[in-house]
Amino acid sequence: MEKNEFRAVIKHFYLRKWTAAGIKAELDDVHGESAPALKTIYFWMNEFKRGRTSTKDESRSGRPAEVTTPEMTKKIHGMVVGNGRMRKLCGRWVPRSLTGEQKRARADISRRCLARLGRDCPADFWRRLVAVDETRILYTPESKELSGPAPKKAKTVSSAGNVTATVFWDSQGVIFIDYLEKSRTVTGTYYATLLDRFDEELRTKRPRSSRKGTILQQDDAPARTSAVATAKLRELRYELLPLPFYSPDLAPCDFFLFPGLKTRLGGERFASDEEVITTVNEYFEGYDAAYYSEGIKRLEQRWAKCVELEGDYVEK
C-alpha cells in the first residue's frame, strides 16, 4: 500500500475510536513489516484530532523535491552538520518547524502557566506539581564468553533489548515508576490503572501534597487523553497543567529527567531487562530532592523565555 492509503486506513479506524495500539496490531497483522510505525500512527491520529481531513502531504513552497540518492543524502547531511544556526534542543532534535499558530499557542499556554503559578504560593505550587511521561530504554545485550573451542556454526546474535518506563516525579524525587510488560501497550485503560497505582504511592510518600490536590503535567498521547483516562483524572480530582503540542522544551521529563538517564545508560551492556530496571532505579535513587527541585522549577524560566520569544523554541 502507498502511504496515503495507510493514512486513510488510520483515519478510518481513528473515526471508529480505535486506539493507536489497536490500529498498529491490525496493520501489522495484514501488512507485516510494510506497516507504518506506531509513532507514525500517533502522529496522524493527532493530526486528525486537530481537525485535519486530508491524508495527503501538505504542499510546500520552494524548489520541487529531488531524487533521493546516496550523494544527495550525503550533501544534505553535510549542510546540516555545517550549519551553525541549527542546534539540538532539549536533548533531542525537534522534528518540525513551528507554524505561526503553534507559536502563538505555545506563548499563550506559557502565559497561562505563569499566571497559574502566580495564583498560588510558589512553594505550594511546586510541591503539588507532578510531571509524567514514558521513555523507551534501548540496550545492547551483554555477550556471554564461551569456554572451549569455537563452535563450528556461528551463533545468532541476539537483537537489542528495550524497556519502556513510565515515570511520575515531582520536586522531591521519583514517586512511582511502571515498567511495561513486553506483551502490553500503553492504552487508555492501562494508563487509568497506572493513575490509581500512582495515587496510592502519592498518598503514602507525599501525604501533604495529596491533601492539597495534585497538579499533573502530561503530554497529549492518545492513551492519556482517552475517555477512560480523562474520567479517572476527574475521579482523582487532579488538576491538569497544559502542555503545548511539539514542546519537549517545556516538559521537565524531556529537557531534564530523561536526557541524564540516557547519558548514564549509554554504551553499557546488560544481561536482562531486570538488570536495566535495577540500574534505572538506582540512578533515580542516587539524587537528592534538590536535584529534582531544580529540574521542576526550571519551568518558570522556560515559560517566561517562551513568552519573550513569542512562542519559539527555548534554547537548552
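A residue is termed buried when its relative accessible area is under 20%, exposed when over 50% and partly exposed in between (1.4 Å probe, protein chains only). The structure is a predicted model, in which local features need pLDDT of at least 70 and side-chain atom pairs count only at pLDDT 80 or more, whereas totals for chains, interfaces and linings use all residues. Residues are numbered from 1 along each chain as its sequence is written, and side-chain values use heavy atoms, with hydrogens and water left out.

The protein chain contains 13 helices and 6 strands, taken as DSSP runs numbered from the N terminus (helices H or I, at least four residues; strands E, at least two). Of its 316 residues, 40% are buried. The accessible surface, by the Shrake-Rupley method with a 1.4 Å probe, is about 19,300 Å², and carbon and sulfur atoms account for 51% of this. With contact defined as heavy atoms within 4.5 Å, 72% of the contacts between residues at least 6 apart in sequence join residues at least 24 apart.

Helix α13 (residues 289–308) has 20 residues. From first to last C-alpha it reaches 30 Å, close to the 28 Å expected at 1.5 Å a residue, the expected span being 1.5 Å times one less than the number of residues. Buried positions in α13 are Tyr-291, Tyr-292, Ser-293, Gly-295, Ile-296, Leu-299, Arg-302, Trp-303 and Cys-306. Just after the helix, Glu-310 adopts a positive phi of about 55°.

A nonpolar core is a set of buried Ala, Val, Leu, Ile, Met, Phe, Trp, Tyr and Cys residues joined through side-chain atoms within 4.5 Å. The largest has 37 residues, of which Trp-169 and Phe-284 touch the most other members. Elements giving two or more residues to this core include α5 (100–119), β2 (161–170), α12 (273–285) and α13; the most, 7 residues, come from α11. Beyond its neighbours within four places in sequence, Phe-284 contacts Val-167, Val-174, Ile-177, Leu-257, Leu-261 and Tyr-292.

Rings of Phe, Tyr and Trp (its six-membered ring) pair if their centres lie within 6.5 Å, with planes under 30 degrees apart counted as stacked, over 60 as edge-to-face and the rest as tilted. There are 19 aromatic pairs by this rule. Phe-198 and Tyr-238 form an edge-to-face pair, at 6.1 Å centre to centre and 75° between the planes. This pair links distant parts of the chain, 40 residues apart, with Phe-198 in α7 (residues 188–205) and Tyr-238 in the loop between α10 (227–236) and β5 (239–241). Both Phe-198 and Tyr-238 are buried. The rings of Tyr-283 and Tyr-287 have centres 5.3 Å apart and planes at 75°, and the pair is therefore edge-to-face. Tyr-283 is buried at 9% relative accessibility, while Tyr-287 is partly exposed at 35%. One aromatic cluster is formed by Trp-169, Phe-256, Tyr-283, Phe-284, Tyr-287, Tyr-291 and Tyr-292.

A charge sits over a ring if NZ of Lys or CZ of Arg is within 6 Å of the ring centre and within 35 degrees of the ring normal. The charged end of Arg-224 lies over the ring of Tyr-191, 5.0 Å from its centre. Arg-302 is placed over the face of Phe-255, at 4.0 Å from the ring centre.
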